[in-house]
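Me: I would like to learn how to read a structure feature by feature. Please give the general idea each time, then the case at hand.

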Amino acid sequence: MKLKILPKSQRKHNHYLVLDIKSEIELSKNDFTSIVWDGCIRFQGENNTSNFNLWTIKLIKSDEISFLNEYKAILRCQRDFEDEVRSSLALIHNVNRKRISITCIGISGTIKGCQKFI
Amino acid sequence: MFDLNIRGSSYDSNFRLAFEASKYGWKHINFSYNQNEFDDAMIFFDGLKNDLKDYIAIDYTLNIKSNNPHEIRKITRRYRDDASCISLTGGNLKINRDCVENIQIDVLSRPYFKRHDSGLNHILAREARDNNVAVELVFCDVLHSYLSHRSKILSNFRDTYQLYRKYEFPLILSSGAKSVYDIKTVSDFKAFFTQSGLSESEVDKSFKTSENILNFNKNRKNLILKGVRVVD
């Protein structure tokens with residue numbers, strides 16, 4: 001049996017981060033999710049990361065012609081923990097010895113609101 | 001939004017870095033060169049500044065790397081009028097002390113470099129405040145390290161914050177970016193330093209300090225003595 005959806009007042013409040021990703025290697029959504037979790041657990045620890053309520057909403061490959069792989073992503077995180085997530089993501093610098101850079105270019109309370117940053 | 005330490009290299013690389021920085025919300029960046037590269041970099045400075053004038057303001061920082069106090073004084077005197085900011089890479093206690101006592105130097109960069117402590121104590125902190133020498137903490141040192149090494153650098157940062165709160169020497173924060181991968185948005189940069197133990201107002205004050213250093217150096221030629229300046 002499926003659980004009933006919680007009433008609005010009982011749900012967690014989320015914010016959505018719009019991320020700009022530059023990478024030497026191609027990334028899939030799963031790769032990106034594990035990179036984000038690794039980064040957060042490494043910098044903030046397991047206990048703090050459990051508060052973040054992280055979820056990858058979207059990963060979009062950029063159409064711009066560039067010498068590196070560029071992506072935009074929407075990442076869900078819990079309200080009031082944006083700074084913790086941002087700083088953890090900013091400190092990710094390589095994956096399998098290939099360079100990667102993740103920086104947050106926008107923040108919104110709704111997924112629809114994120115569209116203006118992409 | 002001032003960043004006084006982005007590693008400079010060729011014209012193309014600098015252009016790409018500056019363009020990326022402007023996209024991420026920076027208003028002014030300084031490319032840093034050491035004493036051996038500074039003269040070569042000055043050749044394309046005007047061209048670069050003109051090409052970037054619509055996007056971002058740029059300047060050059062002379063980053064002195066030497067362990068000889070006599071040589072440091074010589075280099076400082078030679079480049080004082082050409083560079084908008086002069087910084088000295090610390091790490092050696094003798095050099096840290098020499099730097100904070102030298103009024104001609106603007107910034108003591110990375111006093112914790114290759115050390116097990118912050119490289120500063122109450123005496124150096126007081127000297128830095130009296131001689132108006134800023135202490136620079138570099139984001140890239142944390143970015144490119146991991147596990148125990150990273151936590152030791154963060155601990156050194158916290159020791160520096162403690163002295164900063166007590167002695168109120170100028171503190172500046174910079175990215176030390178070498179490539180486009182190292183440049184972050186201003187809000188990410190602020191978020192990291194607030195997480196490491198600074199308050200938001202202290203981070204904003206550090207940007208203001210960077211701006212003050214550049215403004216002070218623009219008028220340095222008119223300075224006769226400490227506190228005395230030709231106005232007209």
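Me: How many of the eight residues of β3(B) are buried?

Reply: A residue counts as buried if 20 or more other C-beta atoms lie within 10 Å of its own, as exposed if 12 or fewer do, and as partly exposed in between, with C-beta atoms placed from the backbone. In β3(B), six of the eight residues are buried, so this strand is largely enclosed by the rest of the structure. Helices (H or I, at least four residues) and strands (E, at least two) are DSSP runs, numbered from the N terminus. This is a predicted model, in which local features need pLDDT of at least 70 and side-chain atom pairs count only at pLDDT 80 or more, while totals for chains, interfaces and linings use all residues. Residues are numbered from 1 along each chain as its sequence is written, and chains are lettered from A and ligands numbered from 1 in the order in which they are written.

Me: In which sense do β2(B) and β3(B) pair?

Reply: Strands of a sheet pair through backbone hydrogen bonds, either parallel or antiparallel. Two strands are called paired if DSSP finds at least two bridges between them. β2(B) and β3(B) are parallel, with six bridges. Asn30(B) stands opposite Asp59(B) of β3(B). β3(B) also runs parallel to β4(B), residues 85–89, through four bridges, and there Ile64(B) stands opposite Leu88(B).

Me: What do β3(B), helix α4 and β4(B) make?

Reply: A crossover is right-handed if, with the strands pointing away from the viewer, the path from the first strand over the helix to the second runs clockwise. β3(B), α4(B) (residues 69–79) and β4(B) make a β-α-β unit that is right-handed.

Me: What span should helix α1 of chain B have?

Reply: The expected span of a helix is 1.5 Å times one less than its number of residues. The 13 residues of α1(B), 11–23, should therefore span 18 Å, and the end C-alpha atoms are 18 Å apart, which agrees.

Me: Which residues of α1(B) are buried?

Reply: An α-helix has 3.6 residues a turn, so residues three or four places apart point the same way. In α1(B) the buried residues are Asn14(B), Leu17(B), Ala18(B), Glu20(B) and Ala21(B). Seen down the helix axis, they fall within an arc of 160° (taken from the directions from the axis to the C-beta atoms), so they line one face of α1(B). Their cover includes β1 (2–7), β2 (28–33), α3 (45–51) and β3 (57–64) of chain B, where contact means that the C-beta atoms of two residues, placed from the backbone, lie within 7 Å. Just after α1(B), Gly25(B) has a positive phi of about 105°.

Me: What is the order of strands in the open sheet of chain A?

Reply: The order is β2-β3-β1-β5-β4, five strands with antiparallel pairing. β2 (55–61) and β4 of chain A stand at the edges with a single partner strand each, so one side of each has no neighbour in the sheet. β2(A) is joined to β3(A), residues 69–78, by six bridges, and Trp55(A) has Arg76(A) as its bridge partner in β3(A). Eight bridges pair β1(A), residues 14–23, with β5(A), residues 98–108; Ile21(A) has Ile102(A) as its bridge partner there.

Me: How many residues lie between β4(A) and β5(A) in their hairpin?

Reply: There are two, and Asn96(A) in the turn has a positive phi of about 50°. The two strands pair over two bridges in the antiparallel sense, with Val95(A) opposite Lys98(A).

Me: Is Leu147(B) buried or exposed?

Reply: Leu147(B) is exposed, with 8 other C-beta atoms within 10 Å. Leu147(B) belongs to helix α8 of chain B, residues 147–167, and has a positive phi near 50°, though this residue is not glycine.

Me: How many residues does each chain bring to the contact?

Reply: Chain B brings 14 residues and chain A brings 13. On the chain B side, α7 (139–143) and α9 (186–196) are the elements that give two or more residues, and α9(B) gives the most, with six. That side divides into seven nonpolar, five polar and two charged residues. Here Ala, Val, Leu, Ile, Met, Phe, Trp, Tyr, Cys and Pro count as nonpolar, Asp, Glu, Lys and Arg as charged, and the others, Gly among them, as polar.
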